[in-house]
Amino acid sequence: MTNPDFPNEVVTRALTRLVRVPGLDRPAALITLDNGHDHTKPNTFGPGGLASLDAAITEALAAEPAFIALTGKPFIFCVGADINGMGLVRSREQALQLGREGHRIFARLRNSSVPTFAFINGAAMGGGLEVALHCHYRTLSSSVTMLALPEVGLGLVPAWGGTQLLPKLVGIINAATVIVQNPLQQNKMLRAAQAYEMGIADVLLDPADFLERSLEWAASVVQGQTVVSRAPVETKDWDGVIAFARALLDEKLHGAAPAPYRALDLLALAKDAPFEVGTAAEDEALADLLMSDELRSGIYAFDLVQRRAKRPVGAPDKALARPVTKVGIVGAGLMASQLGLLFAQRLEVPVVLTDLDQERVDKGLSYVHGEIDKLAAKGRLDAGRAAKLHGLVSGSVDKAAFADADLVIEAVFEDLAVKKRVFAEVEALVKPECILATNTSSLSVTAMAADLAHPERVVGLHFFNPVALMPLLEVVRAEQTDDATLATGFAVGKALRKSCVLVKDAPAFVVNRLLTRFQGAVFSAIEAGTPVEVADTALDPMGLPMRPLALLQLVGPAVAYHVAGVLHQAFPDRFSASENLRRIAESGLPLLVDNKPNPELASLLQVGNAPLTAEQVLDNALTVLAEETRIMLDEGVVAEPQDIDLCLILGAGFPFQLGGITPYLDRTGHAERVTGRRFLPRGVASLPA
Amino acid sequence: MPRDAAPRQLRDVVFVDGVRTPFGKSGSMYAGVRADDLVVRCIRELMRRNPSLPPERVDEVAIAATTQIGDQGLTLGRTAALLAGLPKTVPGYAIDRMCAGAMTAVTTVASGIAFGAYDVAIAGGVEHMGRHPMGEGVDPNPRILAEKLVDPSALVMGATAENLHDRLPAITRERADRFGLRSQEKTAAAYAAGKIQPDLVPMATRDPEGAWGLATVDEAPRETSMEKLAGLRTPFRPHGRVTAGNAAGLNDGATACLLAAADVATELNLPVAMRLVGYAFAGVDPEVMGFGPIPSTEKALRNTGLSIDDIGLFELNEAFAVQVLAFLDHFGIADDDPRVNPWGGAISVGHPLASSGVRLMIQLARQFAEHPEVRYGLTAMCVGIGQGATVIWENPHYRPEAAQ
């Protein structure tokens, strides 16, 4: 079964079987969704899959069964519409058709005179959850951890009935949480117990005999032995909840992404509109969004995060990686301690922290052990693992403790001379094949390695703060870094569950360099006399997770000033060493008070009298981003624009609807205006030509 | 402190309840189902059917399998208990006596209960002959042949059945076929009367296309006739007597039962379906292993002070018709005696080796409830490599006046 519009669809087949269930005179029709692959390639709905479901329902109804039940393959129910197929939709008419076809087929389960059941045995997302919502009843396996309507995160809305059915089942607050809020919080999912609590399922059953018990339960419902009662949904707060959610969105996105707003509109409609009216509105929303560049960029970003992040471009053969059975960390400050915890947790090997004196070592150790205890108290670690981790982390004032380490990473003061001295000292103590890694955020790794006996064993591993949460790791290849060292760097990054991107040894690498240049445009505007409030909100149309001052506050003005200094030294004509920034850093004043620029800052700033409009600030910021991105690609800092985008999504939280940044720069025209050409061909992260 | 010198008191052991999966033809309806999942399903249903038993009160889980490899390996009793969701404090082990695996699991944990080591235990067995054909991975010691310890035919069960026919010429192919036909007819009647179904646990299946299904009845029973049976070939010997019609097939299935000390059953308000009277195992020449139940039954009768005339119901495993007929001839019981396998047996429903012992007990327990005039019943089976196994049970529903 293939569709001319989507020739490479991995078709999820819907297979109808008539099964005898004890206690029923007539057989039940059990429909299994299965794409023929194991759980690593989950069931999805493309045109072929929908057609198969349609046929399976026809076959089931023709048998006049006692009931119809829909279930998945092991561990997977269905994870929704095939995302690869969405990129192939070329016209609004086609997009409308996709929505209507799903609605038509799913409605057969809702309108069936034969009772219909979904047995949600595994992951159910998007259209997978929506088809389940169309069934009259739902059983849910207690082991399911992935239940979600993630569409909004991608730039869509749940448009196969989700926005109309869910609020009527679980109430508007829960529905807004699942449809709007969760997707925007790192695509948060529901576990089975939470979903059951909300009312998404009628009964929660153990995984061990889920299907047998589901069939038994369905039979008891059909026979009237089990009566399903659902609490009626309250509608009086409906409009208030929508208004509140809209205000929250404005605060976060400033209207930058269309999808969450469309989702709220549809949820508002669900209150009183007949189902058919609601689903027709879903079709229109789907067609609008599917034919938007934001969605195409979202699909592109999703693919980067799901695929490219897992197979870093340019990484050497992983067979070259050396085993890492013990890790040394030079420094016991906050960054070093965070690294110590992460290495112990993920690699489960001994980790030794060293510092200049016992007091600093003890402080670092107490941080790590305290964090382990906190995780244990929260139930995130069981007692056995907590005990293991405690045993793995130790400290010393003597770097001789690194003698049998396979990897030593330094996280000391950002000063080239200091770091060179540390590496020289460590090299004298460690095994010849021990990897020396640096967590520098801006300095030259090549220079750091220059005077060592074995510079080929040095690699940059640039983590982002907070280390436990930020998914990006910039893996820096210095001039002399050999393949085994680099491969080990990637292997360690993967074991730490970070997404690695290969970066050339260039000042401040990718994320810090671009953010510094970008923020620089905002500060220049302020220095030119633009009111701080205007400059700080000028980038709102991009929907970034933080405004410039909040970001500066998070990074720390001193660190930002240091990085800017390094970049200024390297590229004096593009990066300035702002005196204003130095003064802010030295003042120690908070940049924000009650989420507003601190009025006390004004006295520190020396500004000109050529204020810019918000539009001009944004234009300038995008201009310098386009210029710097092109220069970095020309310099070979990373292999392709995709790596820049991946770094900004994972390292700076740039939103999906921008596709990182290059699709957005293509979309706004800055790429062509500033650099003479697009970063990505039309159709890659945008609507086809 | 030194042990009290007073003589140890044995405790009465009762069979509380038992369930089984429908039995499949090997490589057929359960081809896509794991062996451990079959027995896990039985354990879970057993617990669900007996809600008054707190799961932490289960003191042992003994699960039998003949081929303890792959999904039948890994200390099956322990892993099945964990997979079934029993508390981690509940121990378990795997056990093997080929066809009498589950029966041995029962007698072993029952002995532990009688001895005072356990209050409540689960015993059962599983054999997925589709995934684990008989003889998978065996490595017979070369001395067996070199020293003629055992006739080479002893390792092929069908050949031992032919050997039995040789030694008992009165048991003809025609008699064996007729017994096989009766087995089918009795099972069909029992199904029609709804006798078998109450203890079957519906089992999810998955076909080669990936579609789920539900097994609710045994797959092996079929309609046949003496004419059809006479036409079947004799795979173990040209012009032999043993056919697919007068022998059990190759099957997949699992069983589990709950045993308890009598006083604990009372305490926990658990039903009593049968009371254990005694048991025995005995060895015979491996090349005629079908004789096994004769000496094991004689021994069990001797142990319990009963005679064959005291036994009112027999559940004999029908590995081969000839082997059941040898037993009946030995004890002077007619081929069609209504006390014997009233609902048919392994020839019709199948014989997933190590699981079958508990199936015999499940059926005997149901029949006891229907027959208050019967005081004692017997479950027996032959065992590969020349053994027999017999367990004698007392009917708690027995009323002497019903026997009048």
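Me: What percentage of the 404 residues in chain B is buried?
Reply: A residue counts as buried if 20 or more other C-beta atoms lie within 10 Å of its own, as exposed if 12 or fewer do, and as partly exposed in between, with C-beta atoms placed from the backbone. Of the 404 residues in chain B, the buried part comes to 56%.

Me: On what conventions do such values rest?
Reply: This is a predicted model, in which local features need pLDDT of at least 70 and side-chain atom pairs count only at pLDDT 80 or more, while totals for chains, interfaces and linings use all residues. Residues are numbered from 1 along each chain as its sequence is written, and chains are lettered from A and ligands numbered from 1 in the order in which they are written.

Me: How many helices and strands has chain B?
Reply: Helices (H or I, at least four residues) and strands (E, at least two) are DSSP runs, numbered from the N terminus. By this definition chain B has twelve helices and twelve strands.

Me: What is the radius of gyration of chain B, and how does it stand against the globule rule?
Reply: The radius of gyration is taken over C-alpha atoms, and the globule rule is 2.2 Å times the number of residues to the power 0.38. For 404 residues the rule gives 22 Å, and the value for chain B is close to this, so the chain is as compact as a globular protein of that length. Its C-alpha trace spans about 65 × 55 × 50 Å along the principal axes. The radius of gyration of chain B is 20 Å.

Me: What share of the contacts in chain B with a separation of 6 or more joins residues 24 or more positions apart?
Reply: Two residues are in contact if their C-beta atoms, placed from the backbone, lie within 7 Å. Among contacts in chain B with a separation of 6 or more, the share from residues 24 or more positions apart is 81%.

Me: Is B:Ile196 buried or exposed?
Reply: B:Ile196 lies in the loop between α6 (173–192) and β6 (203–206) of chain B. Not counting residues up to four places away in sequence, B:Ile196 touches B:Ala190, B:Tyr191 and B:Trp343. Because B:Ile196 has 23 C-beta neighbours inside 10 Å, this residue counts as buried.

Me: Which residue of β12(B) is the bridge partner of B:Tyr279?
Reply: Two strands pair if DSSP finds at least two bridges between them. Eight bridges join strand β9 (residues 274–283) of chain B to β12(B), and the two run antiparallel. Strand β12 (residues 387–394) of chain B is mostly covered, with seven of its eight residues buried. In β12(B), the partner of B:Tyr279 is B:Val391.

Me: Which residue takes a positive phi in the hairpin of β11(B) and β12(B)?
Reply: Strand β11 (residues 376–383) of chain B pairs with β12(B) in the antiparallel sense over eight bridges. B:Val383 stands opposite B:Gln387 in β12(B). The hairpin has three residues between the strands, and the one with a positive phi near 65° is B:Ile385.

Me: At what angle do α5(B) and α10(B) pack?
Reply: Axes are lines fitted to C-alpha atoms, for helices over the stretch in contact, and angles run from 0 to 180 degrees between N-to-C directions. The axes of helix α5 (residues 157–167) of chain B and helix α10 (residues 321–331) of chain B are 9 Å apart, and the angle is about 40°.

Me: Which term describes α7(A) and α11(A) relative to each other?
Reply: Angles under 35 degrees count as roughly parallel, over 145 as roughly antiparallel, 65 to 115 as roughly perpendicular and the rest as oblique. The axes of helix α7 (residues 172–184) of chain A and helix α11 (residues 258–270) of chain A come within 10 Å and cross at roughly 170°. The two helices are therefore roughly antiparallel.

Me: Which strands stand at the edges of the six-stranded sheet in chain A?
Reply: The order of this open, mixed sheet is β1-β2-β3-β5-β7-β9 (chain A). Each edge strand has a single partner strand, so one side of each is left without a neighbour in the sheet; the two are β1 (13–19) and β9 (203–205) of chain A.

Me: How many bridges join β1(A) to β2(A)?
Reply: Strand β2 (residues 28–34) of chain A runs antiparallel to β1(A). One of the pairs is A:Val19 with A:Ala28. The number of bridges is seven.
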